[in-house]
Amino acid sequence: MKKIFYPMLILFVLIPLGLISENPAWAEWENEYYQEVLGFIPKGIENAFKIKALAPDYTIDGLNDVLAYYLSGMLGVALIFGIFYLLGKKLAR
């Protein structure tokens, strides 16, 4: 279990790097981005269902934008590691 904390700690430290990028995160593009880059919006993306995010655009009402971005990143890292950790434990049986 301790081994999982080091990669998580590294990712937590790297989270603020997303704030200095002018480009959107990979695969978090709006339909306008596809139109601009590809010249069209793929049908599957255009007709995809939309999920109401817990922290849309990495913002949380009542919190500073930088703090909300950081907390959103930490939540995402923790969720992904948690899912794969539980999946690994389940498959190891």
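**Reading the model**

Guide: The protein has 5 helices and 0 strands, where helices (H or I, at least four residues) and strands (E, at least two) are DSSP runs, numbered from the N terminus. This is a predicted model, in which local features need pLDDT of at least 70 and side-chain atom pairs count only at pLDDT 80 or more, while totals for chains, interfaces and linings use all residues. Residues are numbered from 1 along each chain as its sequence is written, and side-chain values use heavy atoms, with hydrogens and water left out.

Visitor: In what order do the elements of the protein run from the N terminus on?

Guide: The order is α-α-α-α-α. The radius of gyration of the protein is 17 Å, well over the 12 Å that the globule rule gives for 93 residues, so the protein is more spread out than a compact globule. The radius is taken over C-alpha atoms, and the rule is 2.2 Å times the number of residues to the power 0.38. Along the principal axes, the C-alpha atoms fill a box of roughly 45 × 35 × 25 Å.

Visitor: What share of the residues of the protein count as buried?

Guide: Buried means under 20% relative accessible area, exposed over 50%, and partly exposed in between (1.4 Å probe, protein chains only). Of the 93 residues, 12% count as buried. The accessible surface comes to about 8,100 Å², and 67% of it belongs to carbon and sulfur atoms; these areas come from the Shrake-Rupley method with a 1.4 Å probe, and for residues only the protein chains shown count as cover.

Visitor: Among contacts between residues at least 6 apart in sequence, what percentage join residues at least 24 apart?

Guide: Contact means heavy atoms within 4.5 Å. The share that join residues at least 24 apart is 55%. Tyr70 counts as partly exposed because its relative accessibility is 28%. Between the C-alpha atoms of Tyr70 and Tyr6, 64 residues apart in sequence, there are 18 Å.

Visitor: How much space lies in the largest pocket?

Guide: On a 1 Å grid over the protein atoms alone, a cavity is a set of points where a 1.4 Å probe fits but cannot get out; a pocket is an open set with protein on both sides within 12 Å along at least five of seven lines, and lining residues have an atom within 4 Å of a point. Grid points are joined across faces, edges and corners, and a volume is the space filled by probe spheres set on the points. Here the largest pocket holds about 1,400 Å³. It is lined by 35 residues, and those closest to its centre are Ala25, Glu28, Ala55, Asp57 and Tyr58. Two or more lining residues come from each of helix H1 (2-14), helix H2 (17-20), helix H3 (31-38) and H5.

Visitor: Which element gives the largest share of that lining, and how do the lining residues divide by type?

Guide: H5 gives the largest share, with 8 residues. The lining divides into 23 nonpolar, 7 polar and 5 charged residues, where Ala, Val, Leu, Ile, Met, Phe, Trp, Tyr, Cys and Pro count as nonpolar, Asp, Glu, Lys and Arg as charged, and the others, Gly among them, as polar.

Visitor: What can be said of the phi angle of Asp57 and of Tyr58?

Guide: Most residues other than glycine have a negative phi. Asp57, however, has a positive phi near 55°, and Tyr58 has a positive phi of about 60°. Asp57 is exposed, with a relative accessible area of 65%, whereas Tyr58 is partly exposed at 30%.

Visitor: Is Ser72 buried or exposed?

Guide: Ser72 counts as buried because its relative accessibility is 11%. Ser72 belongs to helix H5 (residues 65-92). Apart from neighbours within four places in sequence, its contacts are Ala55, Tyr58 and Ile60.

Visitor: Which residues does Glu46 contact, leaving aside its neighbours within four places in sequence?

Guide: They are Asn31 and Ile41. Glu46 is in helix H4 (residues 43-46) and is partly exposed, at 40% relative accessibility. The C-alpha atoms of Glu46 and Ala68, 22 residues apart along the chain, are separated by 28 Å.
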